[in-house]
Amino acid sequence: MIDNFTPAPFAAELEAAGVPPELHDWLGRMGVGALVVKMGIRFLEMSPERTVATMPVEGNTQVAGILHGGAHVVLAETLGSFAAGMHAGPGRQALGVDVGATHHRAIASGTVTGTCTAIHLGRTLTTHEIVMTDEQGRRLSTARITNMLRDVTQQPVK
């Protein structure tokens, strides 16, 4: 008997990133993205209202040996964009239109946790606040992202 089941091309990547199995159909043909993999981001919770992930400091530092400010923003934009994409639903996509961050405290080692909370979940726009904390629960940075939601009408340019 021939098995016609073909696993999603990114199944192993999704599992390694902690994406819950119920979201594998949604992300199975795209994965989580090369930057998410390179940064070591691992999802703990995923929903439009609240998305949580961790990221190691090691490998994501700037020349002074502390977590790069851009790494904070990558984690924030990843969380906000995934949450907005889940809210958008099938046949729609989220496109970031504004992201900003305020850095409160430096970190030189350990793990950062980003907690993304919905501020507004509308038909055409979403806004999320993302708070990054260290292992002791101290706030490292606060970010906000707004995503535009639109219908998917064509394939992205490669």
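**The largest nonpolar core**

Of the chain's 158 residues, 39% count as buried, meaning under 20% relative accessible area with a 1.4 Å probe and protein chains only. This is a predicted model: local features need pLDDT of at least 70, side-chain atom pairs count only at pLDDT 80 or more, and totals for chains, interfaces and linings use all residues. Residues are numbered from 1 along each chain as its sequence is written, and side-chain values use heavy atoms, with hydrogens and water left out.

The largest nonpolar core has 31 residues, and Val-19 and Phe-43 touch the most other members. Such a core is a set of buried Ala, Val, Leu, Ile, Met, Phe, Trp, Tyr and Cys residues joined through side-chain atoms within 4.5 Å. At least two residues each come from helix H3 (34-39), strand S2 (50-56), helix H4 (69-88), strand S4 (111-121), strand S5 (125-133) and strand S6 (139-151). H4 gives the largest share, eight residues. Helices (H or I, at least four residues) and strands (E, at least two) are DSSP runs, numbered from the N terminus.

Now Phe-43. Leaving aside neighbours within four places in sequence, Phe-43 is in contact with Ala-17, Gly-18, Val-19, Val-32, Val-36, Thr-51, Val-52, Ala-53, Thr-78, Leu-79 and Phe-82. Contact means heavy atoms within 4.5 Å.

The wider chain sets the context. It has four helices and six strands. Their order from the N terminus is α-α-α-β-β-α-β-β-β-β. Among contacts between residues at least 6 apart in sequence, 60% join residues at least 24 apart. The C-alpha atoms fill a box of roughly 55 × 40 × 30 Å along the principal axes.

Technical notes. Buried means under 20% relative accessible area, exposed over 50%, partly exposed in between (1.4 Å probe, protein chains only).
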